[in-house]
Amino acid sequence: MTPRLLAPCAGIVLIAGCATTSQTQWTPTVDTYGNSRAQYLTRDTEECRAIATSASGSISEQAAEGAASGALLGAAGGAAIGAILSGGRAGRGAGVGAVLGAMSGGTGNAAQTESEFRRAFSNCMRLRGHNVVN
């Protein structure tokens with residue numbers, strides 16, 4: 001792998017790693033005032049975290065899948081543009097397109113999975129009778 005492609009690939013890995021950390025550390029804010037189920041908060045939090053992770057999937061896996069599909073689409077588009085605009089230099093266009101597509105696809109999938117995780121987590125806590133603020 002060329003040094004020019006190494007930095008964007010490292011960026012994708014970093015995005016996936018940060019998102020995975022967020023998935024294991026984020027917890028919805030719960031108002032326990034007047035909640036008869038407040039004593040179950042810790043147990044419900046851990047169980048709902050596991051359910052939300054299962055429902056949304058692994059952020060790092062989803063980011064990798066998005067990066068792979070984005071790289072393919074970006075390479076194809078970049079090759080076409082490179083061939084047209086750069087006098088037949090499809091290879092360079094494909095390389096640039098692949099890197100940009102991988103970054104875009106990986107980041108997009110990670111963000112979507114993170115959103116699904118948070119929604120599932122909050123819904124689980126609400127269904128267990130907790131007053132979820134966010």
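**Figure 1. Burial and fold overview.** Buried means under 20% relative accessible area, exposed means over 50%, and partly exposed lies in between (1.4 Å probe, protein chains only). This is a predicted model, in which local features need pLDDT of at least 70, side-chain atom pairs count only at pLDDT 80 or more, and totals for chains, interfaces and linings use all residues. Residues are numbered from 1 along each chain as its sequence is written, and side-chain values use heavy atoms, with hydrogens and water left out. The protein has four helices and two strands; these are DSSP runs numbered from the N terminus (helices: H or I, at least four residues; strands: E, at least two). Along the sequence the pattern reads α-β-α-α-α-β. Of the 134 residues, 31% count as buried. Contact means heavy atoms within 4.5 Å. Among the contacts with a separation of 6 or more, 77% come from residues 24 or more positions apart.

Figure 2. Helix α2 covers residues 41-56. Buried in α2 are Asp-44, Thr-45, Cys-48, Arg-49, Ala-52 and Ser-56. These residues cover an arc of only 140° around the axis, which puts them on the same side of α2. The arc is that of the directions from the helix axis to the C-beta atoms. Just after α2, Gly-57 takes a positive phi of about 90°.

Figure 3. A disulfide is counted where two cysteine sulfur atoms lie within 2.5 Å. By this rule the model has one disulfide. Cys-48 is joined to Cys-124, S to S 2.1 Å. The link of Cys-48 and Cys-124 is left-handed, with -70° about the S-S bond. The pair links distant parts of the chain: Cys-48 sits in α2 and Cys-124 in α4, 76 residues apart. Both cysteines, Cys-48 and Cys-124, are buried.

Figure 4. Asn-123 belongs to helix α4, residues 90-127. What is the relative accessible area of Asn-123? The value is 36%, so Asn-123 is partly exposed. The C-alpha atoms of Asn-123 and Cys-48 are separated by 8.8 Å, though the two residues are 75 apart along the chain.

**Figure 5. The largest nonpolar core.** A nonpolar core is a set of buried Ala, Val, Leu, Ile, Met, Phe, Trp, Tyr and Cys residues joined through side-chain atoms within 4.5 Å. The largest one has nine residues: Trp-26, Val-30, Cys-48, Ala-52, Phe-117, Phe-121, Cys-124, Met-125 and Val-132. Helix α4 gives the most, with four residues. Which residues does Val-132 contact, leaving aside neighbours within four places in sequence? Val-132 is in contact with Pro-28, Thr-29, Val-30, Ser-122, Met-125 and Arg-126.

Figure 6. Rings of Phe, Tyr and Trp (its six-membered ring) pair if their centres lie within 6.5 Å; planes under 30 degrees apart count as stacked, over 60 as edge-to-face and the rest as tilted. The whole structure holds three aromatic pairs. Trp-26 and Phe-121 form an edge-to-face pair, 5.8 Å centre to centre with 80° between the planes. Trp-26 lies in the loop between α1 (3-25) and β1 (30-31) and Phe-121 in helix α4, so this pair ties together parts 95 residues apart in sequence. Both Trp-26 and Phe-121 are buried. The rings of Phe-117 and Phe-121 have centres 5.7 Å apart and planes at 75°, so this pair is edge-to-face. Phe-117 and Phe-121 both lie in helix α4, four residues apart, about one turn of the helix. Phe-117 is buried, with a relative accessible area of 0%. Phe-121 also counts as buried, at 0%. Trp-26, Phe-117 and Phe-121 form one aromatic cluster.

**Figure 7. Arg-119 and Asn-134.** Arg-119 lies in helix α4. Arg-119 counts as partly exposed, at 49% relative accessibility. Arg-119 and Asn-134 are 15 residues apart in sequence and 9.4 Å apart in space, C-alpha to C-alpha.
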